[in-house]
Amino acid sequence: MSPLMLGLLGGLLSLGLVWRGRRRAGMAVAVLSLGGLWAFSTPWVAWALAMPLESRHPPVPAAASPVADAVLVLGGAMEAPLPPEQPHIGFGAAADRVWHAAALYRAGKARWVLAIGGNRPGYEDVAPEAEAMAEVLRALGVPASALRLEGRSRNTRENAANSLVLVRQVGAKRVLLVTSALHMPRALAVFQGVFAGSGVTIIPAATDAEALGDEPGGWMAWLPDAKSLEGSSRAVKEVLGLAQVGMTTGW
């Protein structure tokens, strides 16, 4: 359901319609597909899609965050090394999550840091992301004794289900959930659903905000670029994911 995939499918559909002699319908589908792809590739549309999601749980400094028993940081932030060609940890755009988790620990906001993240399909033979996160967390001042890892989960629902075991092991009753501001509404809804009845309170601790306070202006806001298309795609994914969570939980 990404804008790029829908645009490509629309282009193929328009070619099929033209090939079958339905030129006007084919041209109409082509214009809609190209126009939609252009719109989703503009900075303003990417911002407009992300802003309502990020504004639900805006980031706050670590020092101003509430106190909890554990910090739970979600993966999707970095990649484990792939030696010998890639001997170093790969830092993704969401690496702010790991930095913020370490900052919360150093600020004395929790005793434990739980790093949650497995591998995407097709990379099962690689070290889980949680191990790469733990290496960076240790470099940022979190001692190994305060770390607990979960490296099997592949998506947000598995993040929640598998991390509940760790939360119970450390006896946490209040947990700071660290993820990107764009991802936080869906992640929080999933975690609250999975943790319902467990006696554990999930507290959002968002980071990695890209849209807040950064409304694009001028004519360049309507020029397409690859970064904006990626941003729109991530926002669309979160909106659809929220809708799916809503249908699953009934809210």
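**Helices on the sheet.** Contact here means heavy atoms within 4.5 Å. Axes are lines fitted to C-alpha atoms, for helices over the stretch in contact, and angles run from 0 to 180 degrees between N-to-C directions. Helices (H or I, at least four residues) and strands (E, at least two) are DSSP runs, numbered from the N terminus. Next I took helix α4 (residues 96-106), which lies across β1, β4 (112-116), β6 and β7. Helix α4 runs at about 150° to β6.

**Ground rules.** I am working on a predicted model, where local features need pLDDT of at least 70, side-chain atom pairs count only at pLDDT 80 or more, and totals for chains, interfaces and linings use all residues. Numbering starts from 1 along each chain as its sequence is written, and side-chain values use heavy atoms, with hydrogens and water left out.

**Sheet order.** In what order do the five strands of the open sheet stand? I read β5-β4-β1-β6-β7, with parallel pairing. Two strands pair if DSSP finds at least two bridges between them. β5 (147-150) and β7 are the edges; each has a single partner strand, so one side of each lacks a neighbour in the sheet. Neighbouring strands are turned by 25° against each other on average, direction ignored.

**Strand β6.** I checked why β6 (residues 174-180) counts as largely enclosed by the rest of the structure. Six of its seven residues are buried, so the description holds. Buried means under 20% relative accessible area, exposed over 50%, partly exposed in between (1.4 Å probe, protein chains only). Four bridges join β6 to strand β1 (residues 70-74). Ala70 has Val175 of β6 as its bridge partner. Seven bridges join β6 to strand β7 (residues 201-207). I noted two pairs there: Arg174 stands opposite Thr201, and Ser180 has Thr207 as bridge partner.

**Helix pair.** I then turned to helix α1 (residues 3-19) and helix α2 (residues 23-40). They pack at an angle of about 165°, axes 8 Å apart. That makes α1 roughly antiparallel to α2. Angles under 35 degrees count as roughly parallel, over 145 as roughly antiparallel, 65 to 115 as roughly perpendicular and the rest as oblique. I listed contacts: residues of α1 including Pro3, Leu4 and Gly7 meet a set in α2 including Arg23, Ala25 and Phe40.
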